[in-house]
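Hi there,

Here is the structure I promised to send over. Have a look at it first, and then read on for my notes.

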Amino acid sequence: MLVVSGIGAIVWLFTRPGINTVGQVTFDRQLAVPPLAASTVKDGQRVFDLRSQAGQSDLGRGGRTGTWGYNGALLGPTLRATRGERVVVNITNGLGEDTTVHWHGMHLPARMDGGPHQPIRPGATFSPQWRIDQPAATLWYHPHPHESTERQVYRGLAGMFLIDDPATDVKSLPHEYGVDDVPVIVQDKEFDGDGQFDENGRFGSDIGILGDTLLVNGTPNPYLEVTTELVRLRLLNGSTSRLFNFALSDGRPFTLVGTDGGLLDRPYQVTHLPLSMGERAEVLVAMRPGERVVLRSDPPMPDGDFAERRFHGGGDRFDVLELRAAGTLRPSAEVPATLVDTPRLDPATAAEKRSMTFTSRKINDRKMAHDRVDAVITRDTTEVWTVRNGHSTPHSFHIHDVQFQVLGRTDGGPVPPQLSGWKDTVFLPPHEGYTVIMRFTDFADPSTPYMFHCHVLRHEDEGMMGQFVVVEPGGKPALGAHHDHTG
Ligand code: C2O
Ligand code: CU
Ligand code: CU
């Protein structure tokens, strides 16, 4: 193993043979856009139906790759609901094993959260229901079953959940779904010689599966025909282990307008956008008539740790999606100078401070245990957590139920624009971390825990996860009741 540091490391990484373009492709397939999920409104409730199932997909490898999806062979439809609405999702498990559906980024009661405590047995139906109450945002859903999350997500179970909110939708941003407002779910896959997903991956047990081929919305080698001057891409890193660092092929800047939990205070011009597993970002790309530009993933900018690049494939460059502008483009409204006004949470109001250190599949030296509560949080209080990577393997921090704000980096460095707004997931480079602040409102339930964990799904499956419960003032956790949805 080479020991390198500082400038030497950077030069070595960018000149290392074979590090260059892994996923260089000929863009020959039109990008699939996940359909908007059909819904009906019954008794004032918006009703969706999802069925997790196995199928086969044509991914350019002989046409019959075994994949999993919701209401189809691969991925799932985009659910969309408006703040204030009550929703119910009837989820039927059409697989031969337990699954769950978790609403990543959603503020909702723990019993509806779809974590490992809400398994859906084969053939059973679970119908979580809740009231949407958070700003407009790009959320997503994916399975979260005990010890099988990586495999189920890797096989294709994932979809987007868009929230609209009259108060925080900025109408002058592109918002015609599938036309100038497009979901972009980026996932890496490894294929075996028979054109099937290779679940053994390249780095085996340490980091999970890293593939050399990208799918975007399940499409290999995709292009998107752009018909407007400005296109809004809702990026989701839906990979199980791989980091991306998005950029445009000619280095031009693009506009970051939103992150995990919604729109930012204002637009930010960026040339690179790092996105770790489970994170989302909304960006606007300005196009000129007739041109082609490629969204790609570059090796990380030289401020990360070298281990991050090596272990998460971050040293690889991938072509992701070609944007093809039509000869004439429909005019887009100008991007407003300000977006949404988000109050900053005040650390002086914190009722509790906690520290979570991530090392070798453990958080604070403990592996996830179903019957242990790691944090008891009082309803309607604010907490400050320091989340830190205590060793040299990259991790990330994700928490259910709430969105947090980043107060600062543990090394004192600056907080970049992509961490300036509401977040539910943040990458933890080796030996680094963040101080975050969040407010826990509404859903006290002493007997049902929410999760926080590393979103490297292999790590999560292997126990790098903790549980918290929200209780009424003075309340105590009361785990034990196992909520078993056997339909
Ligand atoms: Cu995206 Cu606990 O999950
Ligand atoms: Cu989540
Ligand atoms: Cu991890």
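Predicted model: local features only at pLDDT ≥ 70, side-chain atom pairs only at ≥ 80, totals over all residues.

**Layout**

The protein is divided into three parts: domain 1 (29-163), domain 2 (172-330) and domain 3 (347-471). The unreviewed UniProt entry carries the annotation "domain: Plastocyanin-like", which covers residues 64-167, 211-287 and 355-471. In the span 64-167, the end C-alpha atoms lie 45 Å apart, with 6% helix and 37% strand. For residues 211-287 the ends are 30 Å apart, and that span is 0% helix and 66% strand.

**Where domain 1 meets domain 2**

Taken over C-alpha atoms, the centres of domain 1 and domain 2 are separated by 21 Å. Their contact takes 32 residues from domain 1 and 35 residues from domain 2. On the domain 1 side, the elements giving two or more residues are β2 (29-30), β5 (65-70), β11 (137-142) and α2 (149-154). Of these, α2 gives the most, with four residues.

**A seven-stranded sheet**

There is also an open sheet of seven strands with mixed pairing, in the order β15-β14-β13-β17-β22-β19-β20. β15 (219-220) and β20 (262-270) stand at its edges; each has a single partner strand, so one side of each is left without a neighbour in the sheet.

**Strand β17**

Which strands does β17 pair with, and in which sense? With β22 (residues 280-286), β17 (residues 230-237) pairs in the antiparallel sense over seven bridges. If you want to find this pairing on screen, L233 stands opposite V283 in β22, and R232 has L284 of β22 as its bridge partner. With β13 (residues 181-189), β17 pairs in the parallel sense over six bridges. Here V186 has N237 in β17 as its bridge partner.

Are the residues of β17 buried or exposed? Eight of its eight residues are buried. This holds for both faces of the strand: L230, R232, R234 and L236 are buried on one side, and V231, L233, L235 and N237 on the other. As a reminder, in a regular strand the side chains alternate between the two faces of the sheet.

Enjoy exploring the model!

Best wishes

Definitions and conventions. Residues numbered from 1 in each chain as written. Chains lettered and ligands numbered in written order. UniProt positions renumbered as here; feature names shortened; annotations may be inferred. Domains from an automatic or database assignment. Contact = placed C-beta atoms within 7 Å. Pairing = 2+ DSSP bridges. Buried ≥ 20, exposed ≤ 12 C-beta atoms within 10 Å, placed from the backbone.
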